[in-house]
Amino acid sequence: MAEEKKPLVSGFLKSTQFLELDGCTRCQECMKWCPTYDVYNDRPEITPMYKIAKFRELLGSQNGLRAKLFGAKELNEDEINQFMDDTYMCTTCGVCGTVCSSGINTVELWEAIRPNLVTRGNGPWGKQNFFPILLGKDRNPYQAKQEDRLCFVPDDAEVLDSAKIAYFAGCTAAYRQQALGVATVRILNSLDIPFCMLGKDEWCCSSALVRTGQRDVMRDHAVHNVDALKDRGVETVVYACAGCLRTATIDWPRWYEGYIPYKNVPLAVYLREKVDSGEVEWKLPLNDLKVTYHDPCHSGRHLMHVNGRDWAFEAPRDVYKAIPGLHYQEMTRSREFQRCCGAGGGVKAGQPDLALGCAVARVRDGEEVEADVISSTCPFCRRNIMDGRNEAGSSVKVADQVELMAAAMGLDVVIPDNPYMEYQEQDEIACKGEICQMEETAETKAQDVDGY
Amino acid sequence: MAFYTLGLTFSIMIALTVAVLAVWIYGLYFNFKKWGMGSTGYQDELRNSFWLFIATWIHEAFKDGIWVFIKTLILDVFLLRRTLRRSPIRWVMHMSIFYGFLMLATFSGLGMVMDVIEHFDVFGLAHFAEMVKVWSQLPFDIFGYLLFFGITISVIRRIFLKDVRGNTTAYDVVLIGGVFLITITGFYAEWLRGNSFLVGDAFTNPIYAPHFSLIHTILALALFAFILPWSRYIHVIAAPLTILANRGGE
């Protein structure tokens with residue numbers, strides 16, 4: 001029996017996205033900004049302009065005038081696999097959409113093309129295949145136990161079962177960068193903010209699934225997390241992970257059919273309010289650290305039209321500028337024009353060399369402004385920039401904003417002993433006497449085992 | 001005075017124009033139908049409907065209200081704000097081509113209507129129609145120069161900027177080269193007729209003027225109806241529609 005021919009497009013693309021494919025003027029602006037083309041500049045086919053042209057050509061062979069008159073051409077699988085390769089060589093950072101003369105919403109476009117490739121059996125790429133399996137089985141990408149979600153929370157910290165404010169930690173803070181989780185909990189406690197966490201009811205936000213076009217498990221996770229937050233009577237959810245924030249703000253509501261009563265707030269916005277109202281007590285100034293901020297794509301470009309530029313770009317900067325002993329330095333490429341760290345869109349798992357290349361470029365951006373520390377509000381950016389730093393042999397340190405803040409507040413951020421200690425991957429902030437300094441972490445076991 | 005040659009008559013030209021317009025309109029319908037293949041929303045099934053594309057486009061374009069639509073139309077479609085932000089030179093080029101092309105097309109359409117009025121003396125307005133045609137010669141020339149200016153920048157960019165040249169494909173060459181050729185033949189036809197803006201009667205040659213006029217018309221109509229809707233040059237229509245649907249874009 002002949003093998004069934006799979007259509008190029010089986011769904012997922014909106015009619016206005018078909019329009020977008022024809023809207024490209026070939027002005028080449030996206031090529032100037034694409035972070036992956038910066039790394040593989042001998043492969044123009046991975047740039048948005050070429051990908052759109054190729055997909056349009058493939059579609060034309062099935063639905064163009066010639067196809068209508070003489071019948072559709074048989075799809076060449078090698079050609080489609082090559083297109084799949086090019087399409088997955090993208091971090092979905094969205095800078096191409098920001099600079100596009102035609103205003104094409106490129107992130108949404110890639111995320112609509114990818115599921116079609118997955119449905120055909122061409123995608124995803126490499127280790128990205130494991131995402132739905134891991135999430136379906138463990139509800140997190142690190143093969144960790146859900147019961148251990150709160151293992152990083154110190155015994156003397158106060159985390160409620162239900163409250164009006166919830167802290168959605170995310171998988172990376174819960175299992176791989178627990179210093180971030182501890183710092184967040186400590187800061188919220190020190191500000192006397194009653195908050196709850198979902199514990200074992202917190203499932204992965206599933207960002208990686210949406211970005212790589214594997215939507216099957218997504219619905220379960222989105223619906224589960226929203227229901228869990230609603231069950232606890234939450235009114236505000238704070239996120240210290242840009243990926244979770246983006247997915248909860250944009251993607252979950254697409255899958256959840258009921259009313260969502262709470263608002264999603266970046267932790268930086270929440271903390272800025274506290275800083276501005278004078279509730280934050282600074283105790284230990286940082287040791288004249290020159291810090292630059294890496295805008296995560298997910299909380300910046302992806303959300304600037306949802307939450308506004310102030311939330312997306314200015315709130316984190318205002319927090320840095322308030323930390324005593326910290327000298328803030330802007331990188332040349334910042335805000336909506338920042339250079340992606342290279343971890344997003346499944347690239348870290350699928351094409352680690354490409355992710356590393358992007359991260360090295362970002363580290364060079366930090367070195368260019370002589371920063372001591374590249375800081376961010378996304379644990380996944382941090383992880384990749386650290387890898388880039390190690391690859392480049394740079395002396396620059398990498399830290400999350402929350403940890404810098406906790407150090408300056410003189411909070412105890414020691415991670416309690418737990419089963420994931422050997423997987424921890426973060427530069428540490430050591431506070432001795434009256435000053436705090438950054439110390440580089442050794443390589444951890446996480447780098448050997450994580451597919452994420 | 002109309003310029004006809006090689007046995008062409010007024011009636012044949014009108015019939016050809018109607019045929020070309022019909023091809024153009026069908027081309028648009030074909031593209032709208034193609035875009036209508038998509039769904040109306042996230043996770044929705046494919047629809048394959050001309051009307052649902054229109055409905056989805058209207059829904060998207062007006063999602064943030066009428067004022068956002070108007071603002072986007074003025075700033076991003078008419079004034080090409082997104083291009084200006086990225087490259088002032090490219091903006092000058094695009095504005096020149098956009099308005100040059102648009103106004104020439106408008107005046108061509110007006111000229112055709114005036115030809116019909118003059119030929120059949122509709123409502124006794126033949127003399128008025130002739131006056132309008134004379135009056136429109138100057139703006140015709142000015143917008144022709146504008147288009148020529150823009151297309152010249154485009155050709156120069158493609159030749160002299162290394163990155164731009166490196167990513168120039170045959171499609172780009174055909175489009176830019178085609179528009180360049182049409183503009184040049186248009187000018188030459190106009191100059192041969194005499195009494196032209198800037199050059200006066202320097203190139204006047206009534207014998208060959210109709211021939212060049214015909215070449216210019218055939219090239220322009222071929223690009224307009226037989227190439228534009230059926231190739232990636234449909235971006236001329238799709239790009240403004242995209243900007244409006246995305247309410248100005250990111």
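Me: Why does A:R335 count as partly exposed?

Reply: This is a predicted model, and the call rests on a neighbour count. A:R335 has 18 C-beta neighbours inside 10 Å. Buried needs 20 or more, and exposed needs 12 or fewer. The value 18 falls in between, so A:R335 is partly exposed.

Me: Where is A:R335, and what is its phi?

Reply: A:R335 sits in the loop between β6 (326-329) and α18 (347-350) of chain A. Its phi is positive, about 50°, although A:R335 is not a glycine. Most residues other than glycine have a negative phi.

Me: What makes A:S206 buried?

Reply: A:S206 has 30 other C-beta atoms within 10 Å. The cut-off for buried is 20 or more. The count of 30 meets that cut-off, so A:S206 is buried. A:S206 lies in the loop between β2 (195-196) and α12 (207-211) of chain A. Phi of A:S206 is positive too, near 75°.

Me: Which peptide bond is cis, the one that joins A:G123 and A:P124? How do you know that?

Reply: Look at omega. For the bond that joins A:G123 and A:P124, omega is about -5°, and the bond is cis. Most peptide bonds are trans. A:P124 is in the loop between α8 (106-120) and α9 (130-138) of chain A.

Me: How many residues of chain B are in contact with chain A, and what makes a contact?

Reply: A contact requires C-beta atoms within 7 Å. By that test, 42 residues of chain B are in contact with 36 residues of chain A. On the chain B side, α11(B) gives the most, with seven residues. By class, that side has 16 nonpolar, 15 polar and eleven charged residues.

Note on methods:
Residues are numbered from 1 along each chain as its sequence is written. Chains are lettered from A and ligands numbered from 1 in the order in which they are written. This is a predicted model: local features need pLDDT of at least 70, side-chain atom pairs count only at pLDDT 80 or more; totals for chains, interfaces and linings use all residues. Two residues are in contact if their C-beta atoms, placed from the backbone, lie within 7 Å. Helices (H or I, at least four residues) and strands (E, at least two) are DSSP runs, numbered from the N terminus. Ala, Val, Leu, Ile, Met, Phe, Trp, Tyr, Cys and Pro count as nonpolar, Asp, Glu, Lys and Arg as charged, and the others, Gly among them, as polar.
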